[in-house]
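Work through the exercises below with the sequence and the model at hand. Each task is followed by a solution in steps.

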Amino acid sequence: MTRVLVINAGSSSIKYQLVEADTGERLASGLVERIGEPLGHVVHQSLINDAHGAGGSGDGGETVVERELPVLDHTAGFAAMVEAFAATGHPVDSLGITALGHRVVQGGGDFIEPTLLDDGVANRIHELGELAPLHNPGHYQAIVAARRLFPGLPQVAVFDTAFHQTMPPESSRYAIDPAIAADHGIRRYGFHGISHQVVSRRAAEFLGRPLASLKQIVLHLGNGASACAIDGGRSVDTSMGLTPLAGLVMGTRSGDIDPGAILHLLRRGLDVDDIDELLNKRSGLLGFAGTNDFRDVRAAAEAGNADAQLAIAVYVHRIRAYLGAYLLELGGADAIVFTAGVGENNAAVRAEICADLDWFGIRIDPDRNEADARGPRRISSDDSRVEVLVIPTDEEAEIARQAWELVRG
Ligand code: ADP
């Protein structure tokens, strides 16, 4: 058994999944949220059955446990998770868990691969919170709590930035005074690396071709969104930067904006927190169309709402600009790969992104694109020189795989 408990924690929530690391099968998942508020919420779903050899009361079905209770801190959050596992008849110590894998958003330039957690690594993750104030502090709290609660299990940090540490300096460096950049850690780190990595590997598997031979452009279009140029399985450029705010238009984030606009707003009296909130939480699709849910934006656009139409137009335009840049950087591409909530599910946006690209050898087959399908699939036409694929992302399976590989040695 190679079961890994994957943890994706924020400052007020813990998402977790129990994953069979060698197959990526999800055995259980859950969410503890509103940590630190008067009333927290726990929802746990177990898919464990007798076939998993886990004992307990597994009846082959799906069991859901839900609780409302105060969850004081991350330690209490993990205790609630442990209780939920027990309530489904599968206590955590009966499950053959071999490691914990923690998703960490910002690993800076320090962490270029999955890393076994010890006090030093945990402290460094905490320090890197300066570069990721919305993410790393929550990861750190969860890491401290989980190490206290599961002292006998190896715990691995898997970083969203690590995959992009192969970027050459012309992609990763900003054109500012190098001394200031070094002093403040200012460079492109890139994010969504776990997703770009698993999706590009699965795309190669789908095509039956060696990853090392492929040039790919992966478009991760979820609530957060980023593009990545991947040459032979290595990230060579990506649209997010120092923070996950750069690049594509997202659910609530602006993506690229002239840095001069920020100076202008500062001079006009907005303070740093106002601008932070504006660009991270009130921009993107939400800023234009009043909702960050792509389905609602699409429905409003189809009903004739001009704001929603503009939102989609800017969204698609930005993606195409990156697509064009990466086609040039890579010297052409073997595959363009769509993933995440919007990329996997919205055929119309895929068609808009790939419209009129015949000259580049990119041609979508409308029937394949619109087919009501879920798994990995090809949506390009047979005469398209570039393969256009939809490959569902699975960050938890990838974290489990990477954690297990490290622990197994
Ligand atoms: P996150 O970045 O939070 O992981 P997801 O990858 O789950 O985000 O993507 C969320 C986005 O995907 C939302 O904008 C949602 O509207 C969109 N989405 C999910 N399902 C569909 C669908 N069937 N059609 C269009 N958009 C969808």
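Buried means under 20% relative accessible area, exposed over 50%, and partly exposed in between (1.4 Å probe, protein chains only). The model is predicted, so local features need pLDDT of at least 70 and side-chain atom pairs count only at pLDDT 80 or more, while totals for chains, interfaces and linings use all residues. Residues are numbered from 1 along each chain as its sequence is written, and side-chain values use heavy atoms, with hydrogens and water left out.

**Exercise 1.** Find D356 and A340, and state for each whether it is buried or exposed.

Solution. Step 1: D356 is in the loop between α13 (347-353) and α14 (366-370); helices (H or I, at least four residues) and strands (E, at least two) are DSSP runs, numbered from the N terminus. Step 2: D356 has a relative accessibility of 72%, so it counts as exposed. Step 3: A340 belongs to helix α12 (residues 340-345). Its relative accessibility is 6%, so A340 counts as buried. Step 4: check the backbone. Phi is positive at D356, about 55°, although the residue is not a glycine. A340, also not a glycine, has a positive phi of about 75°.

**Exercise 2.** Describe the surroundings of G341.

Solution. Step 1: G341 lies in helix α12. Step 2: with 45% relative accessibility, G341 counts as partly exposed. Step 3: list its contacts, where contact means heavy atoms within 4.5 Å. Neighbours within four places in sequence aside, G341 is in contact with L221 and G222. Step 4: M240 is 101 residues from G341 along the chain, and their C-alpha atoms are 18 Å apart.

**Exercise 3.** What does S200 touch?

Solution. Step 1: S200 sits in helix α6. Step 2: its relative accessible area is 2%, so S200 is buried. Step 3: not counting residues up to four places away in sequence, S200 touches F163, L211, Q216, V218 and I230.

**Exercise 4.** How is the chain divided, and how many residues does each domain give to the contact?

Solution. Step 1: the bounds, which come from an automatic or database domain assignment, are 3-159 for domain 1 and 209-395 for domain 2. Step 2: the domain centres, taken over C-alpha atoms, are 29 Å apart. Step 3: five residues from domain 1 and five residues from domain 2 make the contact.

**Exercise 5.** Characterise the second largest pocket and explain where it lies.

Solution. Step 1: on a 1 Å grid over the protein atoms alone, a pocket is an open set of points where a 1.4 Å probe fits, with protein on both sides within 12 Å along at least five of seven lines; lining residues have an atom within 4 Å of a point. Grid points are joined across faces, edges and corners, and a volume is the space filled by probe spheres set on the points. Step 2: the volume of the second largest pocket is about 350 Å³. Of its 20 lining residues, P114, F163, Q197, R401 and Q402 are the closest to the centre. Step 3: at least two lining residues come from each of β8 (155-159), α6 (193-207), β11 (234-238) and α15 (395-408). Step 4: domain 1 and domain 2 both give residues to the lining, so the pocket lies between them.
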